[in-house]
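Good morning, and thank you for coming.

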2 protein chains.
Amino acid sequence: MPSTPSIYDVSRLSGVSTATVSRTFSCPSRVREETRRRVYEAAELLNYSPNAIARSMAIQRTNKIAYLICKQGATILDEFYASICDGILQTVNRTDYQLLMSTEEDWKLSGATAQSKSIEGVILGGKAQMSLISEFRAQGIPVVLVNYFVPGMELPSVVADEADGVYQAVEHLASRGHERIAMLAGRMNPYVLTERYNAFVAAMKARGLPIKQSDVKMCDLDVESATSAALELLSLTPRPTAVFCANDVIAAGVCKAARRLALRLPEDLAVVGCDDASFCVMLEPELTSVHIDCRRMGELCVERLTELMEGKENVSEFTVVPTKLIVRRSS
Amino acid sequence: MPSTPSIYDVSRLSGVSTATVSRTFSCPSRVREETRRRVYEAAELLNYSPNAIARSMAIQRTNKIAYLICKQGATILDEFYASICDGILQTVNRTDYQLLMSTEEDWKLSGATAQSKSIEGVILGGKAQMSLISEFRAQGIPVVLVNYFVPGMELPSVVADEADGVYQAVEHLASRGHERIAMLAGRMNPYVLTERYNAFVAAMKARGLPIKQSDVKMCDLDVESATSAALELLSLTPRPTAVFCANDVIAAGVCKAARRLALRLPEDLAVVGCDDASFCVMLEPELTSVHIDCRRMGELCVERLTELMEGKENVSEFTVVPTKLIVRRSS
DNA sequence: CTGAAAGCGCTAACAG
DNA sequence: CTGTTAGCGCTTTCAG
């Protein structure tokens with residue numbers, strides 16, 4: 001059994017030079033129809049397919065980009081960042097780019113560099129450390145941020161329209177007659193937290209609804225923490241009739257707390273979350289949530305990054321993806 | 001600003017040949033201490049790091065493996081396969097292997113081949129099509145299966161100890177006094193389904209508990225389908241006092257159905273799931289489930305695959321990872 | 001222990 | 001439109 005055929009074998013079998021074979025595969029239009037056909041034929045016969053490594057070596061480009069998840073303890077298991085990854089992967093898979101995936105933590109721990117991993121561009125998901133960003137910039141590696149934003153650095157960012165999503169949520173609750181809407185926030189990515197919080201305040205104001213100081217609470221990002229914070233919130237007398245949660249895990253915590261206090265959803269309490277995680281429909285009642293099109297965000301990241309890598313000028317600094325409230329039974 | 005330094009620059013600066021620089025990086029012990037030091041110094045100064053592409057080209061190995069998720073409509077978003085991926089990634093990241101990730105579907109659609117993607121080995125997650133497996137084998141590409149098994153093909157498989165997990169679940173329910181335990185199964189990966197079903201039957205038998213025909217049902221893999229199947233199951237009179245579910249999504253459906261029928265968990269009905277998905281703790285009460293160490297499975301896949309790629313003989317055909325019932329409030 | 005030199009498979013001028 | 005040829009950066013005999 002012969003080893004995998006090279007361009008040279010095809011050249012010989014088809015009776016043309018290697019240069020022509022090369023052209024046939026990388027730029028068919030620059031080869032006469034008849035010649036092209038012969039090359040394809042020979043290639044088919046030999047079961048030849050161009051060696052990507054050799055090609056990379058010759059053109060001095062690797063076509064490799066990286067996606068680093070920058071969130072404490074998060075891995076590919078974090079549904080939000082995994083969905084973005086999915087979008088990136090889809091897009092990348094239909095080009096000839098390749099994707100390296102890791103977390104900020106692992107990247108640093110392993111002492112990886114863009115050079116050592118032959119990366120030509122990078123997508124940073126979440127709150128990336130400035131040192132990481134600077135490192136890439138210093139090496140001339142294009143960077144795109146997703147779900148995060150750093151003012152004054154001219155770094156393209158892909159984000160969701162948080163403000164509008166939150167607005168829809170508050171409008172929805174208000175239109176259902178709620179006047180005392182609480183917010184339970186979590187210690188999340190500061191960019192997102194700020195966006196969501198400010199939007200909440202603004203939306204309430206727009207509706208002319210006051211926000212009681214005691215009605216805004218903060219918790220950690222796990223269900224238990226959210227549950228206990230919610231227990232406190234719901235023990236106020238009188239208690240809020242609705243809770244807007246900074247994400248779905250927190251919302252799940254609120255639902256658990258409500259159940260323990262024997263409050264019925266949505267009659268006694270309306271709950272709405274953010275992100276529209278897959279488990280929203282596992283809850284009973286199903287959770288109303290602000291849907292974020294993470295896959296789309298992933299796609300757009302790749303678009304921005306390719307623009308950057310192709311040296312395009314004026315790549316948009318802000319790419320925002322619409323959000324949409326999905327109303328379910330919890331509100 | 002000079003372009004990235006090559007082995008040649010280091011060679012010149014350190015006053016040794018490129019061969020020696022090469023050796024210094026790939027096999028330090030074959031270079032005199034003093035020389036080695038000089039090389040490192042020069043490399044440091046130039047900020048040199050070996051070019052992986054060129055290296056691949058020279059040694060004719062890519063060190064690239066692929067992980068393909070073989071499940072209808074599943075992507076990296078499927079928590080189970082994502083957890084395995086996480087384990088693979090962790091392991092791979094601490095070696096100099098690289099990981100390409102895709103789905104069986106995308107792989108086929110894009111017409112990718114091991115050769116075109118320079119893959120040297122592949123991990124197939126779930127029920128891979130025989131045609132895919134054969135294709136890789138025909139190309140001499142080592143294959144490892146995870147969460148699946150094909151008899152008589154001598155393909156190393158990494159699986160969970162399904163039987164024991166199910167046994168623990170049934171034992172747990174029986175010891176809590178349940179005698180009428182139903183099973184709600186889903187149209188999942190046939191290998192897993194069979195394992196879980198057979199184990200259920202065996203465990204019930206071991207306990208001397210009869211299984212009523214009407215108490216075993218099948219549904220699709222979404223919550224709605226599970227919910228309606230569960231509604232039927234729970235409408236039997238008398239109804240089962242416990243339901244063992246083939247996975248957590250199905251279990252969530254049972255919980256929803258129970259709630260709609262105003263059954264209290266665990267007093268009126270005990271529910272246990274399989275997989276120990278992250279949303280188990282989001283439910284109220286939290287869901288008892290059979291935990292599967294997917295990350296470990298991922299690690300082991302890489303181990304088996306590397307053994308295969310290194311030409312080791314007698315790579316174990318079966319690698320089984322222990323499972324453990326996590327008892328929570330739903331049972 | 002170290003150096004010289006011949007590739008690895010492909011591309012990109014440059015000629016024809 | 002096609003062929004010649006010189007690399008791309010690194011490894012690896014084979015000598016020394």
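Predicted model: local features only at pLDDT ≥ 70, side-chain atom pairs only at ≥ 80, totals over all residues.

I begin with strand 6 of chain A, which pairs with strand 8 of chain A, residues 242–245, in the parallel sense over four bridges. In that pairing, Ile181(A) has Ala242(A) of strand 8 as its bridge partner.

Which way do the residues of strand 6 of chain A point? Ile181(A), Met183(A) and Ala185(A) point one way, while Ala182(A), Leu184(A) and Gly186(A) point the other way. In general, side chains in a regular strand alternate between the two faces of the sheet. In strand 6 of chain A the residues pointing either way are all buried. Because six of the six residues in 181–186 are buried, strand 6 of chain A is largely enclosed by the rest of the structure.

Helix 1 of chain A spans residues 7–14, and its buried residues are Ile7(A), Val10(A) and Ser14(A). These three cover an arc of only 60° around the axis, which puts them on the same side of helix 1 of chain A. What covers them includes helix 2, residues 18–26, and helix 3, residues 33–46, of chain A. After helix 1 of chain A comes Gly15(A), with a positive phi near 75°.

Next, the relation between the two protein chains. Chain A is superposed on chain B by a rotation of 180° with 0.0 Å of shift along the axis, at an RMSD of 0.1 Å. That is the relation of a two-fold axis.

How many residues does each chain bring to the contact? Chain A contributes 38 residues and chain B contributes 38 residues. On the side of chain A that touches chain B, at least two residues each come from helix 4 (52–59), helix 5 (79–93), strand 2 (98–103) and helix 11 (248–260) of chain A. Helix 5 of chain A provides the largest share, six residues. By class, this side of chain A consists of 18 nonpolar, 14 polar and six charged residues. Since 100% of the interface residues of chain A are also interface residues in chain B, the copies meet through the same surface.

Finally, the DNA. DNA strand C is surrounded by 26 residues, the closest being Ile7(A), Ser22(A), Asn51(A), Ala58(A) and Thr35(B). The elements giving two or more residues to this surface are helix 2 and helix 4 of chain A, together with helix 2 and helix 4 of chain B. The surface near DNA strand C divides into 13 nonpolar, 10 polar and three charged residues.

Around DNA strand D there are 27 residues, of which Ala19(A), Thr35(A), Ile7(B), Ala19(B) and Ser22(B) come nearest. Helix 2 and helix 4 of chain A, and helix 2 and helix 4 of chain B, each supply at least two residues of this surface. Which element gives the most to the surface near DNA strand D? Helix 2 of chain B does, with six residues. The classes near DNA strand D are 13 nonpolar, 10 polar and four charged residues.

Thank you for your attention.

Notes. Residues numbered from 1 in each chain as written. Chains lettered and ligands numbered in written order. Least-squares fit on C-alpha atoms with pLDDT ≥ 70 in both. Contact = placed C-beta atoms within 7 Å. Buried ≥ 20, exposed ≤ 12 C-beta atoms within 10 Å, placed from the backbone. Arc of directions from axis to C-beta. Nonpolar A, V, L, I, M, F, W, Y, C, P; charged D, E, K, R; others polar. Near = placed C-beta within 6 Å. Pairing = 2+ DSSP bridges.
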